[in-house]
Amino acid sequence: MRAIAVRELGETPTLTDLPERDPAPGELLVRVSASSVNGFDVAVLAGWVQQYMEYRFPIVPGKDFAGTVEAVGADVDGFTAGDEVFGVALPAFVGSDGAFAEYVTVDARYGVTRMPGGLDRAVAGALGLAGSAALTALRALGLQSGQTLLISGATGGVGAIALQYAVASGVRVLATARPGAETEFVLGLGAERALDYGADVVAACRSLAPGGVDGVLHLAGDPRALVDLLAPGGCLASTLLFGPEQHPAAVSIVADAGGETLDRLAGDVAGGRVTVPITRRYPLAEAPRALADFSDGTVGKYAVDVE
Ligand SMILES: NC(=O)c1ccc[n+]([C@@H]2O[C@H](COP(=O)([O-])OP(=O)(O)OC[C@H]3O[C@@H](n4cnc5c(N)ncnc54)[C@H](OP(=O)(O)O)[C@@H]3O)[C@@H](O)[C@H]2O)c1
């Protein structure tokens, strides 16, 4: 199968030919239609994930997938060949089970669900990890209508989806964005105000919310400065390993990509209640450029069209 892979750390990812794997018991083999770039892919290729997970080369990046079930392993309930599915590839180690490839094997019990009608494949391929991180973080924050949330990193995939869910639940969102197109982007998604993260976000936030904000969603920037912006009783949820050991008001979240979360995301996107802001699309052969462009700075999601 065609896949984007590296055979050692530091190598530029390239289009190569790798054998596809038969699904083991409990697994699905998915013919991939679409994927997208996530920060995790960049972190894997930079070697930063080695302290948490074993690396087995060749490594194929790509957490998000949307596609069609090609084959079903033993002991799998609920899926059959031909099902249209999407989700997040969550192998136990970093290796060749990535979705920047024509096929990926995934655990059938977690991180995959059927696609509802009306959900575009490219959109589904950009939804899983960012959407589930957004919902997991908002659940942890537990904000009520009328409360104020600062999203630091609102211009990225997680931030853009979290912003929409927060606004839909009546939360007032202050969103980091540079002046110009980024500011238009977050205001277009419903943010009340944009805060230039090239300037002093802390000072800008204090002037807009002198009594403090009820929640901070930390997706980028310095969490130690952001946590001081909380009103009493407020909470900072971080996707970047800033948790209660660092500050008692912080919670470190890991995206819950269970079927219930994926179904909710799919339903909301298919129903037009939430948009997945795909701002660039790349064919599989150009996925290395997508990864490089993402590292240079990103707004919204960079999608990879695999077929
Ligand atoms: N724990 C988990 O389960 C989990 C799940 C998903 C994601 N994550 C992590 O969460 C982070 C966000 O994910 P993502 O997919 O949304 O990443 P992303 O698309 O890179 O979004 C981050 C956004 O923040 C902007 N930014 C950079 N520096 C900033 C600053 N100082 N203040 C405010 N904004 C700033 C970035 O702009 P530029 O690119 O232009 O710098 C980018 O638009 C990533 O680090 C990712 O690895 C963790």
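Which side chain has an N or O atom 2.7 Å from an oxygen atom of the ligand? In this model, which is a predicted one, that side chain belongs to T239.

Let me stay with the ligand for a moment. At G157, a backbone N or O atom is 3.1 Å from a ligand oxygen atom. On its own, the ligand has 910 Å² of accessible area, and the protein covers 76% of that.

Now the surroundings. The ligand takes up the space of the largest pocket. Around it are 23 residues, and the closest are T155, V158, T239, A255 and T298. The shell has twelve nonpolar residues and eleven polar ones, and no charged residue is found in it.

Where does the shell come from? Three helices, α1 (39-46), α3 (128-141) and α4 (157-168), each give at least two residues to it. In terms of domains, at least three shell residues come from domain 1 (2-127 + 276-305), and at least three from domain 2 (130-252).

Last, two points about the backbone. Most peptide bonds are trans, and most residues other than glycine have a negative phi. The bond from F57 to P58 is cis, with omega near 0 degrees. P58 sits in the loop that runs between α1 and β4 (64-72). The other point is D75, which is not a glycine but has a positive phi, near 60 degrees. D75 is in the loop between β4 and β5 (84-88).

Methods
Residues are numbered from 1 along each chain as its sequence is written. This is a predicted model: local features need pLDDT of at least 70, side-chain atom pairs count only at pLDDT 80 or more; totals for chains, interfaces and linings use all residues. Side-chain values use heavy atoms; hydrogens and water are left out. A residue is near a molecule or strand if one of its heavy atoms lies within 4 Å of it. A polar contact is a pair of N or O atoms within 3.5 Å; within protein, one must be able to donate a hydrogen and the other to accept it, and residues adjacent in sequence count only if both atoms are side-chain atoms. Accessible areas come from the Shrake-Rupley method with a 1.4 Å probe; for residues, only the protein chains shown count as cover. On a 1 Å grid over the protein atoms alone, a cavity is a set of points where a 1.4 Å probe fits but cannot get out, and a pocket is an open set with protein on both sides within 12 Å along at least five of seven lines; lining residues have an atom within 4 Å of a point. A molecule sits in a cavity or pocket if more than half of its atoms lie within 2 Å of its grid points. Helices (H or I, at least four residues) and strands (E, at least two) are DSSP runs, numbered from the N terminus. Ala, Val, Leu, Ile, Met, Phe, Trp, Tyr, Cys and Pro count as nonpolar, Asp, Glu, Lys and Arg as charged, and the others, Gly among them, as polar. Domain bounds come from an automatic or database domain assignment.
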